[in-house]
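Please read this briefing with the sequence and the model side by side. The points are grouped by topic.

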Amino acid sequence: MTDANKVAVAVNKDDEVLQWVTFRLDNETYGINVMQVQEVLRYTEIAPVPGAPHYVLGIINLRGNVVTVIDTRSRFGLASAEVDDSTRIVIIEAEKQVIGILVDSVAEVVYLRGSEIDNAPNVGTEESAKFIQGVSNRDDELLILVDLDKLLSDEEWMELSQI
Amino acid sequence: MTTSVDEAVFDYFSLLLTEVEDEPSIQVEAITADIAEQVVPEVISDGPSVEALKPDASNHEALQQESSKSVGYGNESVIEKPEAVETPRLQTQLKTQPQTETQALTKSKIRESDPHLDKMALEQLLAPVFKPEPQIETESVVKLKNQTLAKPKIKTTSAPDKVAVKPKVDVNLEKKVDIEQKQEQKAELKTQLGEIPPKVTKDLLETLDDEFQVLFFKVAGLTLAVPLVSLGGIVKIERINHIMGRPAWYKGVQTYRDTQLNIVDTGAWVMPEKYDKTLAESVNYQYVVLLEDSNWGLTCESLVNAVRITKSEVNWRSKAGKRPWLAGVVKEQMCGILHVQALIELLNSGLGSQDPVG
């Protein structure tokens, strides 16, 4: 079944079809809601901000606008990695703020029905456990769906807006 | 035709009474208020209808006119007439507006200030005309007195009542808020850790036959046994997806037959105190031992064998204790035998082997 067919099949609102932009991070595939993605940039120099929170890599100049870039690896509790050709900065909008997230690579846009999304295992007690919206098994690969709004806490979003 | 003095007075009152019905009662009110203000001004000032009771100049003039009018009715007892006029009017006023004590007090004051008035005679005379009048009068006086006396009482009691009630309400609200917060905390705990495990797990011995099979498997040099009745299957480790924000013993998710298996790092779960980085790196997990029909699987390095043993070959633990997941020790192999049901409950609760239960 093609992606277009998948959209056509999903007439039921409860089984709504959503598009997810997938990216790779430490050999795992993550998905974020396409509606929150503004654009995907090649890696560009990120200017560090003195005194910025630990989860902030720095800022970039995006056509005259200053955009804060988040250290996604650090946020996800993963070890840092070297930047390579496939590294991307995904510009997203969450909590009424435009930020960038640094990822290993951007893969594709996938269509997922609501029924195809499973709940994430409920054993997490850490902060990062909160921003997993669900998981989906797609082509024998697990796609971890991220809730970008919960990527940072309310205080952190506030802190970010003041950088 | 001769008439007695009493008859004359009676006729006179009859006339007056018919006149009173037609006349507006404001004049009487004015008189009453005027006098009352002099007698008990503080009561009037406290009253709600002060404006209504206050006399104005026109009313006062009307009163004077009224007095002269009553004189003009022509009778022998000229001096008594004005006083006599006031009495029935006051009674009427009380009948129509029995709201304030002032009026009642005024009436009594007027009566006291009329030494020449023959009360007995008047009452006798008035009896046929106003039979219910004296009753109403006394009733109204009592009523008014009660009302006016009761009013401050209500005021004084109501104020502290309010004060007393307020904190009660606040306490209840606080309690309610506390309960709600506790419920929220409980709910949070439940969502984070899953279901709270039972303190005493179901006895494994009841579910096992006298002779039963167990599978032995090895993890970082440690041998563990699982009854075959509790074994959900064995799956080869392929690709385990790491999920962030999970405990150290949670290895990740592996897809198996369109379902996601929650893979437990057995070494990290069973012996976290010994499972350091060096040991973790040395371990080479090969298989996943599935627990009953749950989504939980224990990683293992190797599968030893499946052996038929009897219940007597196991040193069963009599109490669940701190490690409800450990059913006992197989004597010959000197290894722990798992209580799978309890283990599943602990894992569902997000608890490690050494986390406090219950």
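This is a predicted model: local features need pLDDT of at least 70, side-chain atom pairs count only at pLDDT 80 or more; totals for chains, interfaces and linings use all residues.

Residues are numbered from 1 along each chain as its sequence is written, and chains are lettered from A and ligands numbered from 1 in the order in which they are written. The predictor assigns the complex an ipTM of 0.73 and a pTM of 0.55.

**The two chains**

- Chain A contains three helices and ten strands, where helices (H or I, at least four residues) and strands (E, at least two) are DSSP runs numbered from the N terminus.
- Read from the N terminus, the elements of chain A follow the order α-β-β-β-β-β-α-β-β-β-β-β-α.
- Chain B has 13 helices and eleven strands.
- Buried residues make up 30% of the 163 residues of chain A and 28% of the 358 residues of chain B; a residue is buried if 20 or more other C-beta atoms lie within 10 Å of its own, exposed if 12 or fewer, and partly exposed in between, with C-beta atoms placed from the backbone.
- Among contacts with a separation of 6 or more, residues 24 or more positions apart account for 56% in chain A and for 65% in chain B; two residues are in contact if their C-beta atoms, placed from the backbone, lie within 7 Å.

**The five-stranded sheet of chain A**

- An open sheet of five strands in chain A has the order E8-E1-E2-E10-E9 and mixed pairing, where two strands pair if DSSP finds at least two bridges between them.
- Its edge strands are E8 (105-113) and E9 of chain A, each of which pairs on one side only.
- On average, neighbouring strands of this sheet are turned by 30 degrees against each other, direction ignored; the axes are lines fitted to C-alpha atoms, for helices over the stretch in contact, and angles run from 0 to 180 degrees between N-to-C directions.
- Strand E1 (residues 17-25) of chain A pairs with E8(A) in the antiparallel sense over seven bridges, and Leu18(A) stands opposite Leu112(A) in E8(A).

**Strand E10 of chain A and its partners**

- Strand E10 (residues 141-146) of chain A is mostly covered, with five of its six residues buried.
- Strand E2 (residues 28-33) of chain A runs parallel to E10(A) and is joined to it by three bridges, and Thr29(A) has Leu143(A) in E10(A) as its bridge partner.
- Strand E9 (residues 132-138) of chain A pairs with E10(A) in the antiparallel sense over six bridges, with Ser136(A) opposite Leu143(A).
- E9(A) and E10(A) form a hairpin with two residues between them, and Asp139(A) in the turn has a positive phi of about 50 degrees.

- Leaving aside residues up to four places away in sequence, Ile144(A) touches Glu28(A), Thr29(A), Tyr30(A), Gly31(A), Ile132(A), Val135(A) and Ile243(B).
- Nine of the nine residues of H13(B) are buried, so this helix is largely enclosed by the rest of the structure.
- The buried residues of H13(B) pack against E2, strand E5 (259-264), strand E6 (287-291), strand E7 (296-300) and E11 of chain B.
- Just after H13(B), Gly350(B) takes a positive phi of about 75 degrees.

**Positive phi in two loops of chain B**

- Most residues other than glycine have a negative phi.
- Ala220(B), in the loop between strand E1 (211-219) and strand E2 (222-227) of chain B, has a positive phi near 45 degrees, and Ala220(B) counts as buried with 20 C-beta neighbours inside 10 Å.
- Met334(B), in the loop between strand E10 (326-330) and strand E11 (335-338) of chain B, has a positive phi near 55 degrees, and Met334(B) is exposed, with 9 other C-beta atoms within 10 Å.

**Confidence in chain B**

- Chain B averages a pLDDT of 65, and 42% of the residues score at least 70; pLDDT is the predictor's confidence in each residue, from 0 to 100.
- Within chain B, confidence is lowest in helix H4 (residues 50-53), at a mean of 38, and highest in E6(B), at 96.
- The pLDDT is below 50 over residues 125-169 of chain B, a stretch that has 24 contacts in the model beyond near neighbours in sequence.
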